[in-house]
Amino acid sequence: MIDKDFCLSSYIAFRYIWKDDMEFAEGMEHDLIKPLDINERIPVVTAEDIDREIQKQFDELYRNYTNIGILLSGGMDSAILASYLKPGSHAYTFTATGTSVFNADEERAAHYCKKFGLKHHFVNISFDDYKELTPIVMENKCAPVHSIEPQIYKAAMMARADGVDLMIVGESSDLIFGGMDKLLAKDWQFDEFVKRYTFLDPQLVLTHPIDMTELFEKYRQDGDKIDFMTFMDEVFSIESSSSYLNAFETAVMPYYDPYAQLIMKEPLDLSRVRNGEPKYLIRALYAMKYPEIPVPDKIPMPRPVDMIFKDWEGPKRPEFRQDIPMDQLTGNQKWQLWCAEQFLDMID
């Protein structure tokens, strides 16, 4: 079904179109990735279990691929995965000239590469890259995209040029092992979770906003409660994983996430997460791999959007309100508006 207003509101609120049967235009059918069924995942209890099961996966991968690379940030997840690569493997870390947004990533990633003998490459991201690469990943997705997608696409194309035949990512670790500490911080009331999870309110920025509460209603419990854990498993996982899938698919580069094959056998200990130990199993494994340095705090994949869109005045198309309080929006929210306008220009 073609419903531009619905699709635009869904993208603004959730960064993806959450209904499979809704499209922006004729001939533009978007695909959503579905997480691996929990019954097919490998249960783990300890950091040692995770270490053993990831090593098994890499042993199998190296039977089928000869040149495996990795997206390497400064965080725990990719750092752990880097330890299973063969010396001489290629590692790609994002940077942005003129900003310090990637400084922590660059420093830590350099340490990881030195320790395991990896070839370290920096992927510089600029506004020119966004302008050049965003239409490419949008065309493949048939929708506006997450701001990480042009970045990942550029890294994937660099890896192809280096002869890499499989890229490793650690994208699923946060969701599986309790890394979304701000969303796990409390037992949410329905209305407050709706407000907390909505990335940008469509009513604030669109001339014909569509109410997106329907998606949240599927997870309502006991009147004013919400099953936020299942919501994250089923909604956030699709939004996040679909971004990686699209970027790598557009670059025609196979990728693999070892964490996506795992599941915690015992229930997540929310009290540990809420008292300063998000991803406590991953933290323990990181300490095993890197005893010489402190365990880093969680670092989401940075994007230089605050710098790039600092002075952007906002969208001009009629689908957008002209009284948007741009000074109150974050760089990521401004990215969504910019990207949505670019996509609408592309399909008109």
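Arg-63 and Glu-60 form a salt bridge, with their closest N and O atoms 2.9 Å apart. A salt bridge here is a side-chain nitrogen of Lys or Arg within 4 Å of a carboxyl oxygen of Asp or Glu. This is a predicted model, in which local features need pLDDT of at least 70 and side-chain atom pairs count only at pLDDT 80 or more, while totals for chains, interfaces and linings use all residues. Residues are numbered from 1 along each chain as its sequence is written, and side-chain values use heavy atoms, with hydrogens and water left out.

Both partners belong to helix H2, where they stand 3 residues apart, about one turn of the helix. An α-helix has 3.6 residues a turn, so residues three or four places apart point the same way. Arg-63 is exposed, at 60% relative accessible area, whereas Glu-60 is partly exposed, at 39%. In these terms, buried means under 20% relative accessible area, exposed means over 50%, and partly exposed lies in between (1.4 Å probe, protein chains only).

## The helix as a whole

Helix H2 covers residues 47-64, which is 18 residues. Helices (H or I, at least four residues) and strands (E, at least two) are DSSP runs, numbered from the N terminus. From first C-alpha to last, H2 reaches 26 Å, close to the 26 Å expected at 1.5 Å a residue; the expected span is 1.5 Å times one less than the number of residues. The buried residues of H2 include Ala-47, Ile-50, Ile-54, Phe-58 and Leu-61. Among them are also the acidic residues Asp-49 and Glu-53.

## Other salt bridges

The count of salt bridges comes to 24. In one of these, Glu-217 meets Arg-220, with the closest N and O atoms 2.8 Å apart. Glu-217 is partly exposed at 35%, and Arg-220 is partly exposed at 34%.

Asp-323 and Arg-321 also join in a salt bridge, at 2.8 Å from N to O. Asp-323 is partly exposed at 48%, and Arg-321 is partly exposed at 30%. Elsewhere, salt bridges link Lys-4, Arg-317, Glu-319, Asp-345 and Asp-348 in a network.

## Cysteines

The number of disulfides is 0, a disulfide being a pair of cysteine sulfur atoms within 2.5 Å. For Cys-7, the closest cysteine sulfur is that of Cys-142, 11 Å away and therefore too far for a bond. Cys-7 is buried, at 0% relative accessibility, and Cys-113 is buried at 4%.

## The nonpolar core

The largest nonpolar core has 115 residues, and Leu-71, Phe-177 and Leu-337 touch the most other members. Helix H11 (residues 228-250) gives the most to this core, with 9 residues. A nonpolar core is a set of buried Ala, Val, Leu, Ile, Met, Phe, Trp, Tyr and Cys residues joined through side-chain atoms within 4.5 Å.

Apart from neighbours within four places in sequence, the contacts of Leu-337 include Ile-12, Leu-200, Trp-312, Phe-320 and Met-326. Contact means heavy atoms within 4.5 Å.

## An enclosed strand

Strand E3 (residues 90-95) is largely enclosed by the rest of the structure, because 6 of its 6 residues are buried. In a regular strand the side chains alternate between the two faces of the sheet. His-90, Tyr-92 and Phe-94 lie on one side of E3 and Ala-91, Thr-93 and Thr-95 on the other, and both faces are covered.

Strand E2 (residues 68-71) runs parallel to E3 and is joined to E3 by 2 bridges; strands pair if DSSP finds at least two bridges between them. Ile-70 has Ala-91 of E3 as its bridge partner.
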